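Here are my notes on this one, as numbered points. Have the structure open while you go through them.

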Amino acid sequence: PVHDTLHARTTASVTPEANPLRELARRAVGRSGADIERMIREARQQARRAGRKMNWADLERGLRGNELSVAADLSWRMAVHEAGHVLALVSTGDMQDIEMVSLVGPQGGFVRTRTTGLVAETEALFASSLVVLMAGRAAELLVLGNASAGSGGTAASDLATATQTALAMEISFGFGGEHPLLYRPGETQPGLLHYNRHLADRVHARLEAAQDAATAILTTHRSLLLEFAECLNRERVLEGPSLKSMIEAFRERIGGAGPTSMKAGAALEPISTRSVKAEAPADGSDAADEADDQAEAPRQL
């Protein structure tokens with residue numbers, strides 16, 4: 001075990017943010033157990049060849065060695081993207097604690113949150129989740145003038161998760177503008193949006209409304225967005241007391257009364273109550289209406 005080789009250094013009196021094990025854990029975020037096991041084995045072998053026990057520096061070197069170098073412009077883009085998610089979480093009054101915001105990881109940046117309590121899963125709640133998901137892309141467009149493919153491209157991306165959530169709102173959660181009482185499971189979800197144009201239009205309308213709402217929030221609080229992005233770009237990882245105090249300060253400065261206090265409030269109204277009426281589907285299109293698996297609100301963005 002790792003702790004057997006590191007007994008010479010105690011962390012009992014070390015503050016959380018200065019804890020060397022915490023720093024290693026930060027760098028290990030996103031790696032699999034097999035990746036960590038392999039890295040430790042290699043570090044131990046290198047220390048053995050040097051005729052000494054493995055130490056903290058060996059582990060840190062191993063973790064750093066697996067990190068890809070990031071160009072300055074990409075690092076700034078990542079920081080802006082993650083700052084967008086954070087500001088949207090704070091502004092919408094989302095019931096999640098932000099535990100860590102990082103630019104370090106095999107898949108790039110992320111925001112890690114923890115749900116603080118049970119809430120009613122209303123249409124407004126899911127609409128708010130869509131705003132948070134779309135806020136990374138909205139931040140890139142607002143600050144940099146364009147969006148990268150980092151918002152999409154994979155099944156775990158922001159766009160993929162947002163699309164799955166919006167689709168479930170239409171055909172599984174009972175919030176759809178058409179046949180809202182029908183529950184349609186998602187065993188054959190791949191291709192569903194390709195073959196049912198009217199459903200695709202309704203799902204896309206939800207995504208557009210969410211991105212507009214995110215843009216309104218970030219435009220209103222652009223200075224906070226840039227402030228957080230600059231701090232994240234400099235520190236690479238934010239967590240613990242320093243992150244908590246920053247988030248609390250932002251809440252006070254925003255006046256965090258949730259989305260109803262924002263100019264974006266209108267965009268968070270349920271799609272089914274606005275003038276987004278789909279045309280009657282073409283003959284045979286109902287046969288393609290199959291649902292996606294129910295999507296939970298995001299825990300990591």
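1. A quick word on burial before anything else: a residue is buried under 20% relative accessible area, exposed over 50%, and partly exposed in between, with a 1.4 Å probe and protein chains only. By that rule Gly152 counts as buried, at 17% relative accessibility.

2. Ground rules. This is a predicted model, with pLDDT of at least 70 needed for local features and 80 or more for side-chain atom pairs, while totals for chains, interfaces and linings use all residues. Residues are numbered from 1 along each chain as its sequence is written, and side-chain values use heavy atoms, leaving out hydrogens and water.

3. The overall layout. The protein chain has 11 helices and 3 strands; here helices are DSSP runs of H or I with at least four residues, strands are runs of E with at least two, and both are numbered from the N terminus. In sequence order the pattern reads α-α-α-α-α-β-β-α-α-α-α-α-β-α.

4. The protein chain has 301 residues, and 42% of them count as buried.

5. How do helices α6 and α10 pack? Helix α6 (residues 123-144) and helix α10 (residues 222-235) pack at about 100°, and their axes are 12 Å apart. Axes here are lines fitted to C-alpha atoms, for helices over the stretch in contact, and angles run from 0 to 180 degrees between N-to-C directions. The two helices are therefore roughly perpendicular to each other; the cut-offs are under 35 degrees for roughly parallel, over 145 for roughly antiparallel, 65 to 115 for roughly perpendicular, and oblique for the rest.

6. Which residues make that contact? On the α6 side there are Ala139, Leu142 and Val143, and these meet Arg222, Leu225 and Leu226 in α10. Sorted by class, the contact has 5 nonpolar, no polar and 1 charged residues. The classes: Ala, Val, Leu, Ile, Met, Phe, Trp, Tyr, Cys and Pro are nonpolar, Asp, Glu, Lys and Arg are charged, and the others, Gly among them, are polar.

7. Staying in helix α6, have a look at Gly136, which is found there. Gly136 is buried, with a relative accessible area of 0%. Leaving aside residues up to four places away in sequence, Gly136 touches His81 and His85. Its C-alpha atom is 9.4 Å from that of Gly150, which is 14 residues away along the chain.

8. Back to Gly152, which lies in the loop between α6 and α7 (158-171). Not counting residues up to four places away in sequence, Gly152 touches Ser157 and Leu159.

9. The loop between α7 and α8 (192-195) holds Arg184. Is that residue buried or exposed? Arg184 counts as buried, at 9% relative accessibility. His179 is also found in the loop between α7 and α8, and is partly exposed, with a relative accessible area of 38%. Check the backbone at His179 too: phi is near 50°, a positive value in a residue other than glycine.

10. Another positive phi turns up at Arg236, about 75°, although this residue is not a glycine. Arg236 sits in the loop between α10 and β3 (237-239), and is partly exposed, with a relative accessible area of 24%.

11. Finally, Thr92, in the loop between α5 (72-91) and β1 (96-102). Thr92 counts as buried, at 6% relative accessibility. Where does the Thr92 side chain reach? The side chain reaches the backbone oxygen of Ala88, at 2.8 Å.

Key: Contact means heavy atoms within 4.5 Å. A polar contact is a pair of N or O atoms within 3.5 Å; within protein, one must be able to donate a hydrogen and the other to accept it, and residues adjacent in sequence count only if both atoms are side-chain atoms.
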